[in-house]
Amino acid sequence: MIKQKEPLNLFAIIMWALGILSLFPFIMMIVISFRTSGDAYKPIFASVQPTIKNYKTVLGNENFFNWYSNTIVTVTVTIILRLAVTIPAAFAFSRMKFKGRTLIWAFLVATMMVPGETTMVPRYLYFKQIHLLDSIWVIILPEVSEVFYLMLLTEFFSSVPEDFIEAARIDGASNLRIMMQIFIPLSGASIATAVLFSFINIWNNFIDPYLFINSISKQLITPALKFFQERGGANIPMQLAGASMAIVPVIILFIVTQKYFVAGVSSSGIKG
């Protein structure tokens, strides 16, 4: 029996086309990073002499690996503290009844409507008063209690069957033990999603370290790319060479956590 060919899925074709188009800026970044500053604005398919000078200059900068290490430390400490705060809070909001719970939750959700730009001046004055300016703590501390990640984990914790909790309580388990031995093992995908989102968000943070960290040696990798300049202005190919190297950890982490990311987004009820 001759099988009929399945009709082409128009939606799949459109998604493939959009996926390929989304790679175009990344391809342009790589291509231009191998050019001289004089060839930066030529068409992407123009015939130019490639050079690795930009990468040599970036790697030869005395502060480049310092910026890298500063960013890695900032991201690592922030994620650890964020999980230490967010997981117990998500468990409390999803499984515990306490006075003012609804009001507190509404207040936390309402804070997400306030643009971060409106708090820059108060944060600057506050950090200056407590002598935290020009340190990575001005990036870490505000990120610890990000409400989005609390909502992400609370949504997943709420979907855990009540039977698990009742069985644990019959065995005499406390809330801490239930959280550690039931909720955390079951929420590996959602936690991995939170880690990935956190890593990307903090790694790509430009405005906060740019405003609150003044010392070049203490700067983070994303805003530090602006230091690759010439007398006539920014050296675009050199900055793109630095950006190409700065994005490597993000790509590696996404590849490693991709299956958990997809499962976490699905199980947490995030649409879009």
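Trainee: What are the ground rules here?
Mentor: It's a predicted model, so local features need pLDDT of at least 70 and side-chain atom pairs count only at pLDDT 80 or more, while totals for chains, interfaces and linings use all residues. Residues are numbered from 1 along each chain as its sequence is written, and side-chain values use heavy atoms, with hydrogens and water left out.

Trainee: How many residues does the largest nonpolar core have?
Mentor: A nonpolar core is a set of buried Ala, Val, Leu, Ile, Met, Phe, Trp, Tyr and Cys residues joined through side-chain atoms within 4.5 Å. Buried means under 20% relative accessible area, exposed over 50%, and partly exposed in between, with a 1.4 Å probe and protein chains only. Val58, Phe64, Phe199, Trp203, Ile221 and Phe228 have the most contacts inside the largest one, and its residue total is 23.

Trainee: Which residues does Val58 touch, leaving out those up to four places away in sequence?
Mentor: Contact means heavy atoms within 4.5 Å. With that cut-off, the list for Val58 is Phe64, Phe228, Met238, Ala241, Gly242 and Met245.

Trainee: Is Phe64 buried or exposed?
Mentor: Go by relative accessibility, which is 1% for Phe64. That value is why Phe64 counts as buried.

Trainee: And what kind of ring pair do Phe64 and Phe65 make?
Mentor: Rings of Phe, Tyr and Trp (its six-membered ring) pair if their centres lie within 6.5 Å; planes under 30 degrees apart count as stacked, over 60 as edge-to-face and the rest as tilted. Phe65 counts as exposed, at 52% relative accessibility. The two ring centres are 5.6 Å apart and the planes sit at 80°, so the Phe64 and Phe65 pair is edge-to-face.

Trainee: Which residues do ring pairs link into a cluster with Phe64?
Mentor: The whole structure has 16 aromatic pairs. Ring pairs join Phe64 into a cluster with Phe65, Tyr68, Phe199 and Trp203.

Trainee: At what angle do the axes of α8 and α9 cross?
Mentor: Helices (H or I, at least four residues) and strands (E, at least two) are DSSP runs, numbered from the N terminus. Axes are lines fitted to C-alpha atoms, for helices over the stretch in contact, and angles run from 0 to 180 degrees between N-to-C directions. The axes of α8 (residues 162-170) and α9 (residues 175-186) come within 10 Å, and the crossing angle is roughly 145°.
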